[in-house]
Amino acid sequence: MLTRMRARHLSPRTEKTYLSWVKRYLAHYGGLNPASLGRADVERFLEELAERLGLGAESQNQAASAIAFMYREVYGLEYGGRKGVPRARGSKALPRYASPEDVDRVLARLGGRARVAVMIMYGGGLRVSEVASLRVQDVHLRTGELLVRSGKGKRDRTTVVPRAAFASIRQQLERVAEQHVADLERGAGWAPLPGALHRKDPQAGWTLSWQFLFPSSRLSTDPKTGLRGRWPVHVSTFQRAVKQAVRESGVPAHISCHGFRHGFATEMLRNGCDLRLLQQMMGHRDLRTTSRYLHIINRPGLNVISPLDRLPSQREAAEEARTQARDALDRWR
C-alpha cells in the first residue's frame with residue numbers, strides 16, 4: 001500500500017494517516033486478511049467509529065478513504081465512488097476565524113519565528129504546513145509575492161506578502177543565511193529537494209535559495225542522498241506556540257493556526273476582494289469552498305446600509321447606532 005501511495009505521489013502526511021487507519025481497521029477484525037472481508041465489514045467498522053468512539057464526519061470519511069484506497073490499489077476491489085461505502089454528511093458550520101482584534105492580541109504574545117509564521121498565515125492565507133515548507137526562493141519582497149509550492153492537492157499558487165511583515169521576514173531571511181554559512185563550514189548545509197531534482201541539479205541543495213525559511217534547529221541526514229542539512233521545522237512547533245499565546249492573551253480558545261487562514265479570507269472579502277482572486281490565493285479547487293466565507297461577512301445588520309440611513313439628516317444617528325452595534329458584537333465575541 002505504501003508503494004502504491006508513493007507511486008501516486010501522495011504527501012507524507014497522507015501516507016501516515018492512511019496507514020494508521022488501515023492498521024486500526026485490521027486490528028478491529030483481529031488481523032484477518034482484508035481479502036476475506038467485504039463492504040459490509042467496512043461499513044460496520046465506520047459505524048463503530050461514529051457510535052462507540054463518537055468520531056466526527058471528517059474523521060469517519062478519512063478512514064473510509066484510506067480503506068477504499070487499500071482495497072482499490074492493493075486488492076482491485078472498488079469500495080469508493082458513488083456506489084461504494086456511504087460517506088458521513090459533514091457539518092455545515094461556518095469556519096471559525098480569528099478577528100483582527102484577536103490576531104493583534106495573539107501577535108503581542110508571540111516572538112521569534114513563530115510570530116513571523118503567524119504574520120504570514122494571517123497576511124497571506126497560508127496553512128501552517130505550507131508556511132513550514134516555504135523556501136527562501138519562494139519569498140519575493142520586491143514584488144510582494146509569495147509562492148506556495150505543492151500546497152494541498154499538489155497545486156502551486158501565488159499569494160500576497162503582507163507589507164507589515166516585510167521587516168520581520170527580512171530578519172528571518174538574514175538568520176537563515178547566517179545559519180547556512182555556518183552549516184556549510186561544518187560540512188552540512190544541504191536542503192532536501194523535491195522529486196528527483198537532486199539528480200538533475202546536484203548542486204541545488206547546497207544553495208541558499210533552496211533552504212527552508214523556517215529550518216529545523218537540528219541537522220538531519222537526507223535518506224535520498226545521505227547528505228546532512230536542515231529539514232523544515234515541524235508544524236507542531238508553531239501550533240504549540242499559538243496555543244500558548246492564545247491561552248495567555250485570553251482570546252477564544254478555539255482559535256488555532258487554521259483560524260488565521262480563515263481570518264485572512266474573511267477580511268479579504270470584507271474589504272472587497274474578488275471571489276475568484278481569493279479562490280486562487282487560498283488554493284481552493286472549488287469556488288463553493290471559498291464561498292463559505294460569504295456567509296460570515298453577509299450579515300445584513302452590519303454590511304447593508306438602509307436607504308433611510310443614507311439621508312443627510314439621519315447619517316449621524318445611523319453612524320452612532322452602527323458603532324454601538326459593532327461594540328456589542330465585539331463584547332459578545
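**Whole chain**

Start with everything selected. This is a predicted model. Colour by pLDDT: the chain averages 84, and 86% of the residues score at least 70. Now switch to a cartoon view. The chain has 15 helices and 5 strands. Of its 333 residues, 40% count as buried. How much of the contact set joins residues 24 or more positions apart? Among contacts with a separation of 6 or more, such pairs account for 59%.

Select residues 299–304. Here pLDDT stays under 50. For this stretch the model has 12 contacts beyond four places in sequence.

**Cysteines**

Select Cys257 and Cys273. Cys257 counts as buried, at 7% relative accessibility. Cys273 counts as buried too, at 15%.

**Helix α11**

Stay with Cys257 for a moment, then show residues 257–270. This is helix α11, and Glu267 is found in it. Is Glu267 buried or exposed? Its relative accessible area is 15%, so Glu267 is buried, the limit being under 20%. Display its surroundings. Leaving aside neighbours within four places in sequence, Glu267 is in contact with Pro100 and Tyr122.

**Helix α4**

Move to Ala64. This residue sits in helix α4. Ala64 is buried, with a relative accessible area of 5%. Which residues does Ala64 touch, not counting those up to four places away in sequence? They are Leu46 and Arg87. Now draw a distance from Ala64 to Tyr79. The two are 15 residues apart in sequence, and their C-alpha atoms are 8.9 Å apart in space.

Select Tyr75. Tyr75 lies in the loop between α4 (57–74) and α5 (100–107). With a relative accessible area of 32%, Tyr75 is partly exposed. Together with Tyr75 they form a nonpolar patch on the surface, with about 220 Å² of accessible area.

**Salt bridges**

A search of the whole structure finds 13 salt bridges. Three of them follow.

Begin with Arg72 and Glu73. Their side chains meet in a salt bridge, 3.5 Å from N to O. Arg72 is partly exposed, with a relative accessible area of 35%. Glu73 counts as buried, at 11%.

Next, select Glu130 and Arg157. The closest N and O atoms of this salt bridge are 2.8 Å apart. What does the pair tie together? Glu130 lies in helix α7 (residues 128–132) and Arg157 in strand β3 (residues 157–160), so the bridge links parts that are 27 residues apart in sequence. Both partners are buried: Glu130 at 6% relative accessibility, Arg157 at 8%.

Then go to Asp286 and Arg288. They form a salt bridge, with the closest N and O atoms 2.7 Å apart. Asp286 is partly exposed, with a relative accessible area of 28%. Arg288 counts as exposed, at 64%.

Salt bridges that share partners join Arg8, Arg72 and Glu73 into one network.

Definitions and conventions:
Residues numbered from 1 in each chain as written. Predicted model: local features only at pLDDT ≥ 70, side-chain atom pairs only at ≥ 80, totals over all residues. Heavy atoms only, no water. pLDDT = per-residue confidence, 0-100. Contact = heavy atoms within 4.5 Å. Patch = residues over 30% accessible without salt bridge, like charges linked within 9 Å, V, L, I, M, F, W, Y side chains within 5 Å. Areas by Shrake-Rupley, 256 points an atom, 1.4 Å probe, with all protein chains shown as cover. Salt bridge = Lys/Arg side-chain N within 4 Å of Asp/Glu carboxyl O. Helix = DSSP H or I, 4+ residues; strand = E, 2+ residues; numbered from the N terminus. Buried < 20%, exposed > 50% of the residue type's maximum accessible area, 1.4 Å probe, protein only.
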